[in-house]
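Me: I'd like to learn how to read a helix and some ring pairs in a protein model. Could you walk me through it?

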Amino acid sequence: MIDRRTLLVSSASLATVGLLGSRSGIAATVGAGATSADGFYDLIIVGAGTAGLPAAIFASQRGGRVLLLDSAPVIGGTLHFSTGQMSAAGTRLQRELGIKDSADAHFDDVMRISEGSANPEIVRLAVDQAASTVDWLMDIGLKPLPEHPVMGHGHEYYSERRYYWGKDGGRSILAVLTEQFEAEQKNGRIDLLLESPVTALLRSDAGAIEGVRASYDGAERVYRGRQVLLASGGYSSNPALWRELDGYQQHIDAAYPFSQGQGLRLAQSIGGYLRGRSMYLTSFGAIPADESSPSAIKTGFETWPDRRAPWEIYVNVRGERFVREDEPSVHRREHSLLPQPDQRYWIVFDEAMLTRAPSGIKDWSHADIRKAAVKQTVFYTAATLAELAQRTGIDAQGLEYTVRRYNDGVASGQDLWGRQHLPAPIATGPFYAIRMQGFAITSNVGIAVDARLRVIDVRGNPIPGLHAVGEALGHSQTSGKAYVGGMSVTPALSLGRLLGQTLPLKASART
Ligand SMILES: Cc1cc2nc3c(=O)[nH]c(=O)nc-3n(C[C@H](O)[C@H](O)[C@H](O)COP(=O)(O)OP(=O)(O)OC[C@H]3O[C@@H](n4cnc5c(N)ncnc54)[C@H](O)[C@@H]3O)c2cc1C
């Protein structure tokens, strides 16, 4: 029998996960009568995040009886952390602004930017649903920034203006979803259980999924459902899974702490399989808080040449440059960092550059950089290049050779890497280095599904009653081995919504 309880998320629980601006008053309820007469839910959703919330809202609007479980003490998932940048083509906003765009053009751009490495079946589904999702979000109160949509920001540019986000990033989306969710909760068709990780999927003798097991307060409970949706996100906060599934170390810790990859294990436990193992990609990096691994992010350095032409050079631990620093394509810059040891590099410059160049760190003055370098950790300074190399761990001969060759290129106007912006040599001490760390915050490997988002076994047969959506599918499915703008948040929202709108909810139904 289902346990009756109502719990209000405690402020202590919120503090433990450091959740920002979340709504602490959301009641987690079970036993309000959401199950049907036979004690079954129409739909059990594992994860009340980006994909899970719209799935619950739409299934409830269709009269479905829904159980939503989440390991965290709050709803919202990665929306608490995400920049919330969305891409959608053919939206009402675009039409109002006279922008002619289509899902086909969006699809072509995703495949172009990802160099054909995204999954065309899932991308197609996602881009086809994106415009109606953004229209819906705006109908329920989301306000994109005034100049939006834009062609790009931080990632490779789209060919059209189809990129949007609200002033609070992911939390702008969460705010409007929460209102809808609470309204549906009041209808009594949604039960919400927080701090209740799903630990197992239950299967009938015939092989169909018929519920889940979840733990709460040390006790395990069983919940029966005709359909189960894995909307449990990725494994971005699980360094062991990064090593196991991608073969890379997670050097930066910036993702949602509950992104532990449990949904992947649940799918595997009943015959599902994982795909996307060779799709790891690093961002072009940030300045870490310290030299531990994983470390938090301290701040960024402006490495986008269209925003700030680079004065400095970038070198790896061998003291080698590995990309022209003014390479216009962020995709090519990211791919150039991937083969570098630990996806790490140092931004190297001299005193004359520090004085003359615009600061590369937002809200930092030149004096702030000099001050940080005194600590000789993450930020370094030394009278000579050899000494700088010794302090940072960069190979000294490599660094001195590279700087010599770079300076030759500045003098001749012919840089070895083809760099165009060559404002000054690196010649006047003291010299400086800032450590940069590449990292990924979206996990690439995920649960294999078919074109209807049904979890499949290795033979391609769907496991009856089980669907998956969102980052649980692997970011690589919708973005490939690339960062295609908005192609995680929008697909999670759109496809969660699509399943909420379309999954069969009747007693006899099973897909
Ligand atoms: C810092 C950051 C910035 C980002 N910015 C962007 C961006 O601008 N644009 C973009 O497209 N993408 C971005 N992403 C990625 C994007 O936000 C995520 O891929 C997307 O939000 C994931 O949605 P989801 O529903 O799959 O997972 P989530 O939103 O993480 O939801 C999963 C939920 O499942 C719960 N859960 C996990 N395991 C269990 C279990 N066993 N039982 C019960 N519940 C469980 C979790 O607690 C969580 O609430 C960003 C990611 C990060 C970390």
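Reply: Gladly! Keep in mind that this is a predicted model. Let's begin at the end of a helix: after α8 comes Gly 271, which has a positive phi, near 105 degrees.

Me: Which residues of helix α8 are buried?

Reply: In α8, which spans residues 262–269, they are Gly 263, Leu 264, Leu 266 and Ala 267. They lie on the same side of α8, because their arc around the axis is only 160 degrees.

Me: And what covers the buried residues of α8?

Reply: Among the elements covering them are β8 (198–203), β10 (219–230) and α7 (239–246).

Me: Now the rings. How is a pair of aromatic rings described?

Reply: By two things: the distance of the centres and the angle of the planes. This structure holds 15 aromatic pairs. One of them joins Tyr 158 and Tyr 163 edge-to-face, with 6.1 Å centre to centre and 70 degrees between the planes. Both Tyr 158 and Tyr 163 are buried.

Me: Why is the pair of Tyr 248 and Tyr 280 stacked?

Reply: The planes of Tyr 248 and Tyr 280 are at 15 degrees, with the centres 4.0 Å apart, so the pair counts as stacked. This pair links distant parts of the chain, 32 residues apart: Tyr 248 is in the loop between α7 and α8, and Tyr 280 is in the loop between β11 and β12.

Me: Is Tyr 280 buried or exposed?

Reply: Tyr 280 is buried, because its relative accessibility is 2%. Tyr 248, at 24%, counts as partly exposed. Ring pairs also link Tyr 248 and Tyr 280 with Tyr 235 and Trp 242 into a cluster.

Notes:
Residues numbered from 1 in each chain as written. Predicted model: local features only at pLDDT ≥ 70, side-chain atom pairs only at ≥ 80, totals over all residues. Heavy atoms only, no water. Buried < 20%, exposed > 50% of the residue type's maximum accessible area, 1.4 Å probe, protein only. Helix = DSSP H or I, 4+ residues; strand = E, 2+ residues; numbered from the N terminus. Arc of directions from axis to C-beta. Contact = heavy atoms within 4.5 Å. Phe/Tyr/Trp six-rings, centres within 6.5 Å; stacked < 30°, edge-to-face > 60°.
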